[in-house]
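Trainee: I've got a model open and I'd like to talk it through. Can you put it on screen?

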Amino acid sequence: MIRPFVSQDAERIIHIWRKASEYAHPFLSDDFHDTAAPLIRDIYLPQAETHVMEVDGIAVGFISLLDTYIGGLFLDPRFHGQGLGRALVEHAVKRKGLLTVEVFKENTGARRFYAACGFEQTGEYFHEMAQHISVKMTLKP
């Protein structure tokens, strides 16, 4: 089930983000994660339109949208490969239409996932905070 985010979800969402980010981004430091967590909780989540994926009444993932930009899509790694990420993307597309996303170039799994969902690379830049290359991907019309 996909439902809207409520403020009571914040700590669970941060936990999912941290677990999934450490899994997908082993090249990022603990310092990066420690710095990013309060920014996500206190700044990004309140600004974003976030939808939560539940399995058996437990939040296992989420997608955060800033208009048509996917600010974050994270699933508890135990739930990868079950179609839940694709369901979140499809949910967002129904709400917003064509989407864009940025992923770290070294995160080949995410790039494959978004390509399988119909996204194509449209650019790249150096992510100052993370000190890594980020790839911009856009959903093909």
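Predicted model: local features only at pLDDT ≥ 70, side-chain atom pairs only at ≥ 80, totals over all residues.

Trainee: Is Val-89 buried or exposed?

Mentor: Buried means under 20% relative accessible area, exposed over 50%, and partly exposed in between (1.4 Å probe, protein chains only). Contact means heavy atoms within 4.5 Å, and beyond four places in sequence Val-89 touches Ile-63, Leu-73, Leu-99, Phe-113, Tyr-114, Cys-117 and Phe-119. Its relative accessibility is 4%, so Val-89 counts as buried.

Trainee: Over to Ile-13 in helix 1. What is its relative accessibility?

Mentor: Set aside neighbours within four places in sequence, and Ile-13 is in contact with Phe-5, Leu-45, Val-52 and Phe-62. Ile-13 counts as buried because its relative accessibility is 0%.

Trainee: How far apart are the end C-alpha atoms of helix 2?

Mentor: Helix 2 covers residues 30-47, which is 18 residues. The expected span is 1.5 Å times one less than the number of residues. That makes 26 Å the span to expect, and the model agrees, with the end C-alpha atoms apart by 25 Å.

Trainee: At which residue does helix 2 bend?

Mentor: The bend at a residue is the angle between axes fitted to the seven residues ending there and the seven starting there. For helix 2 that angle is about 50°, and the residue is Ile-40.

Trainee: At what angle do helix 1 and helix 2 pack?

Mentor: Two packed helices are described by the angle between their axes and the distance between the axes. Here the axes are lines fitted to C-alpha atoms, for helices over the stretch in contact, and angles run from 0 to 180 degrees between N-to-C directions. For helix 1 and helix 2 the axes are 10 Å apart, and the angle is about 145°.

Trainee: And how many nonpolar residues does the contact of helix 1 with helix 2 have?

Mentor: Ala, Val, Leu, Ile, Met, Phe, Trp, Tyr, Cys and Pro count as nonpolar, Asp, Glu, Lys and Arg as charged, and the others, Gly among them, as polar. Sorted that way, the contact of helix 1 with helix 2 has six charged residues and two polar ones, and the nonpolar count is eight.

Trainee: Which residues does Ala-37 touch, not counting residues up to four places away in sequence?

Mentor: Ala-37 sits in helix 2 and is buried, with a relative accessible area of 12%. Its C-alpha is 8.3 Å from that of a residue 20 places away in sequence. The residues Ala-37 touches are Ile-14 and Trp-17.

Trainee: What is the phi of Asp-56?

Mentor: Most residues other than glycine have a negative phi. Asp-56 lies in the loop between strand 2 and strand 3, and is exposed, with a relative accessible area of 77%. Although Asp-56 is not a glycine, its phi is positive, at about 55°.

Technical notes: Residues numbered from 1 in each chain as written. Heavy atoms only, no water. Helix = DSSP H or I, 4+ residues; strand = E, 2+ residues; numbered from the N terminus.
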